[in-house]
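Here is a short note to read beside the model. Keep the structure open and follow the points in order.

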Amino acid sequence: MSSRISPTAHYTGRVWLEHGLSDPAFATTEGARLHRLIAPLNAGSRALGGPTLDGMLLARHRVIDHLLARAIEAGEVSQVIEVAAGLSPRGWRMTRRYPALRYVEADLPGMAARKRRVLAAAEPAGPDHDVVEIDALADEGDHSIGAIAGRLDRGRGTAIITEGLLNYFPGAQAVGMWRRFAAALRRFPSGVYLSELTVAADARGVPLQVFRLALGAFVRGGVYLDFPDELAARRELAVAGFDAVEIHRPTDLADEVGAIERAGARRIKIIEARVAPGAT
Ligand SMILES: C[S@@+](CC[C@H](N)C(=O)[O-])C[C@H]1O[C@@H](n2cnc3c(N)ncnc32)[C@H](O)[C@@H]1O
């Protein structure tokens with residue numbers, strides 16, 4: 001279990017709220033406190049023309065939103081499992097926008113309970129929205145991705161999303177997770193995986209190292225950058241069972257997603273990976 005990471009969800013939750021992406025019910029005192037704590041780092045880096053943590057977070061969030069909306073509108077996806085959803089408002093927002101969408105948010109038990117309380121106080125989500133418990137590291141059992149995917153409609157195209165999870169695990173664990181996701185998606189007529197990707201080659205430079213150290217201290221553990229570059233991540237996604245992998249640069253999608261901070265957006269990439277149904 002990796003509940004040590006859970007407080008970071010309060011920080012990102014604060015960022016989504018401050019940028020008008022969620023309901024006031026998503027506000028937490030932990031999030032506000034953390035945001036105040038990191039504010040000088042963001043301000044310092046911005047003053048030097050560098051990336052801000054919030055700029056990187058918003059770029060990844062908006063691009064994942066865009067790719068998901070595109071897959072929904074194309075008729076490719078009508079069910080979503082968002083793994084490690086934390087206090088993200090994406091499921092709330094997307095089910096309000098697409099009422100026919102089935103959306104399952106999943107997180108460790110403590111965070112899942114917290115999310116249910118937040119949602120109970122917010123404007124209602126869409127009609128087919130749920131919060132369940134998962135351990136993204138579980139190979140089997142009720143809280144595994146396989147079990148959760150097994151409870152969805154096999155006849156509908158499905159997406160799995162992770163945002164802000166991969167870098168808290170060593171590369172080998174991330175690849176194990178990808179293997180389980182690819183296997184879970186293969187049971188559906190179409191299956192797509194969306195996630196941000198931060199590789200070592202994009203995390204060079206003082207501002208990024210400062211953010212990384214701050215985050216590492218905060219979660220009392222590693223923040224891993226085990227994929228040296230995009231090519232290595234592509235290779236591992238293929239080995240994990242994804243048949244088609246696109247890696248997007250948020251700056252290439254700036255027209256579609258609206259205002260993004262270029263210095264931050266340049267430091268991250270977004271994975272859009274697909275499995276062929278029933279492939280072995
Ligand atoms: C940085 S937060 C990201 C939250 C959300 N995706 C967002 O972008 O706002 C990381 C999340 O991962 C969750 N998490 C950590 N370990 C997990 C695991 N083994 N299985 C599922 N979720 C996990 C934490 O509880 C937390 O909500």
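1. Start with terms. Helices (H or I, at least four residues) and strands (E, at least two) are DSSP runs, numbered from the N terminus. By that rule the protein chain has 11 helices and seven strands. Residues are numbered from 1 along each chain as its sequence is written. The model is predicted: local features need pLDDT of at least 70, side-chain atom pairs count only at pLDDT 80 or more, and totals for chains, interfaces and linings use all residues.

2. Now the overall shape. The C-alpha trace of the protein chain spans about 50 × 45 × 40 Å along its principal axes. A compact globule of 280 residues would have a radius of gyration near 19 Å, and the 18 Å of the protein chain agrees with that. (This radius is taken over C-alpha atoms; the globule rule is 2.2 Å times the number of residues to the power 0.38.)

3. Look at Val275 in strand S7 (residues 269–275). Is Val275 buried or exposed? Val275 counts as buried, because it has 23 C-beta neighbours inside 10 Å. The cut-offs: buried means 20 or more other C-beta atoms within 10 Å of the residue's own, exposed means 12 or fewer, and partly exposed lies in between, with C-beta atoms placed from the backbone. Of the 280 residues of the protein chain, 45% count as buried.

4. Next, contacts. Two residues are in contact if their C-beta atoms, placed from the backbone, lie within 7 Å. Leaving aside neighbours within four places in sequence, Val275 touches Ala182, Leu185, Arg186, Gly191, Gly241, Phe242 and Asp243 by this rule.

5. Val175, Trp178, Arg179 and Ala182 in H7 meet Glu236, Leu237 and Ala240 in H9. These residues divide into five nonpolar, no polar and two charged. (Ala, Val, Leu, Ile, Met, Phe, Trp, Tyr, Cys and Pro count as nonpolar, Asp, Glu, Lys and Arg as charged, and the others, Gly among them, as polar.)

6. How do the two helices pack? H7 (residues 171–185) and H9 (residues 230–240) are at an angle of about 45°, with axes 8 Å apart. Axes are lines fitted to C-alpha atoms, for helices over the stretch in contact, and angles run from 0 to 180 degrees between N-to-C directions. H7 and H9 are therefore oblique to each other. Under 35 degrees counts as roughly parallel, over 145 as roughly antiparallel, 65 to 115 as roughly perpendicular, and the rest as oblique.
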